[in-house]
Amino acid sequence: MIKMLQKISLSKKDKAKGLKIPKKINQDLAYLIGVFAGDGSLGYRPNKYEYSLKCVGNPKDEKEFYNKIIKQKFTKVFGFSPDIKLFDKETTFGFRVFSKALITYLTKIIGLPLGSKYKTLKIPNKIFANNNLIIQFVKGVIDTDGSISFKKKYKKYPYYPVISFSSKSKNFTKEIANWLKNQDFKIVEKYDYKIIDFRTKQGYTIINRIELNGNQNLIKWMNKIGFSSPKHIKKIKKYWKK
């Protein structure tokens, strides 16, 4: 890893904004890599020689998450504060940074995919090998692409917790599912099923989903992994009766 890091050179713009390339993967970086796997996309436009990382969520309920949690961790890990704002005609909220050095680090050393991510997205080997790191990685994934909900089931009020995660990537979903099962979580797996999506020509999207149902799963999750997303935490405080 050290030899590969030595091949990454910072541009004048990188140096001006204070970019630093981490020499080792700590828990904050592992969490951010999970966030990038969930909400992020890494791109390269050869006609403009432009390397970028875009990471955005829902402006309706994730502004606090980006302004407080992600911005703070990003600044701590990479040495500069990203400009958090609205994107995509104000339908998304987050940041976009331009840096060949950063994108090279995240793709060549960490192992995140460049361009369309769903065919090649996986848990990076350097994270998979360390249990403390993969816990933070999974937390970052679920904070962005996951959800916590409470169902009524047999009562008149929401009480039954369900942690869920959905992805277009079947292999990535299976990797997350297998790791959770190895940690003794009881999960439900659903692969290759269609959900209505009028944004597509065919009117649907094929998705993969895992669910962790019930109080015991949530207790174990909070003890072992937890949440950093304010919207998840607020929902738990509102509905969860231990």
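Reply: Helix α3 passes helix α4 in a left-handed crossing, a term used if the near helix is turned anticlockwise from the far one by less than a right angle, with right-handed standing for clockwise. The model is a predicted one, in which local features need pLDDT of at least 70, side-chain atom pairs count only at pLDDT 80 or more, and totals for chains, interfaces and linings use all residues. Residues are numbered from 1 along each chain as its sequence is written, and side-chain values use heavy atoms, with hydrogens and water left out.

Helix α3 spans residues 27–39 and helix α4 residues 63–78; helices (H or I, at least four residues) and strands (E, at least two) are DSSP runs numbered from the N terminus. The axes of α3 and α4 come within 10 Å and cross at roughly 125 degrees, where axes are lines fitted to C-alpha atoms, for helices over the stretch in contact, and angles run from 0 to 180 degrees between N-to-C directions. That angle makes α3 oblique to α4 (under 35 degrees is roughly parallel, over 145 roughly antiparallel, 65 to 115 roughly perpendicular, and the rest oblique). On the α3 side the contact (heavy atoms within 4.5 Å) is made by Asp28, Leu29, Tyr31, Leu32, Val35, Phe36 and Asp39. On the α4 side it is made by Phe65, Tyr66, Ile69, Ile70, Lys73, Phe74, Lys76, Val77 and Phe78. By class, this contact of α3 with α4 has 12 nonpolar, no polar and four charged residues; Ala, Val, Leu, Ile, Met, Phe, Trp, Tyr, Cys and Pro count as nonpolar, Asp, Glu, Lys and Arg as charged, and the others, Gly among them, as polar.

Helix α3 also packs with α7, at an angle of about 35 degrees and with the axes 7 Å apart. The crossing of α3 and α7 is right-handed. Among the contributors from α3 are Ala30, Tyr31, Ile33, Gly34, Ala37 and Gly38, and those from α7 include Leu133, Phe137, Gly140, Val141 and Thr144. The contact of α3 with α7 comprises eight nonpolar, seven polar and four charged residues.

From α7 the account continues to α8. These two helices pack at an angle of about 125 degrees, with their axes 12 Å apart, which makes α7 oblique to α8. Their crossing is left-handed. Helix α7 contributes Asn131, Ile134, Ile135, Phe137, Val138 and Val141 to the contact, and α8 contributes Phe172, Ile176 and Trp179. By class, the contact of α7 with α8 has eight nonpolar, one polar and no charged residues.

The aromatic side chains come next. The structure holds 15 aromatic pairs, where rings of Phe, Tyr and Trp (its six-membered ring) pair if their centres lie within 6.5 Å, and planes under 30 degrees apart are stacked, over 60 edge-to-face and the rest tilted. The rings of Phe137 and Phe172 have centres 6.2 Å apart and planes at 90 degrees, so this pair is edge-to-face. Because Phe137 lies in α7 (residues 131–145) and Phe172 in α8 (residues 170–182), the pair ties together parts that are 35 residues apart in sequence. Phe137 is buried at 0% relative accessibility, and Phe172 is buried at 1% (buried is under 20% relative accessible area, exposed over 50% and partly exposed in between, with a 1.4 Å probe and protein chains only). Phe172 touches Ala37, Leu121, Lys122, Ile123, Phe137, Val141, Phe165 and Ser167, leaving aside residues up to four places away in sequence. Phe172 also lies 9.4 Å from Asn208, C-alpha to C-alpha, across a sequence separation of 36 residues.

Other rings pair elsewhere. Tyr159 and Tyr160 have ring centres 6.2 Å apart and planes at 70 degrees, so they too form an edge-to-face pair. Tyr160 is partly exposed, with a relative accessible area of 23%. Both tyrosines are touched by Lys153, not counting residues up to four places away in sequence. Lys153 sits in the loop between β5 (146–151) and β6 (160–167) and, at 42% relative accessibility, counts as partly exposed.

Asp184 is found in the loop between α8 and β7 (188–196). Its phi is near 70 degrees, a positive value in a residue other than glycine. Most residues other than glycine have a negative phi. At 52% relative accessibility, Asp184 counts as exposed.
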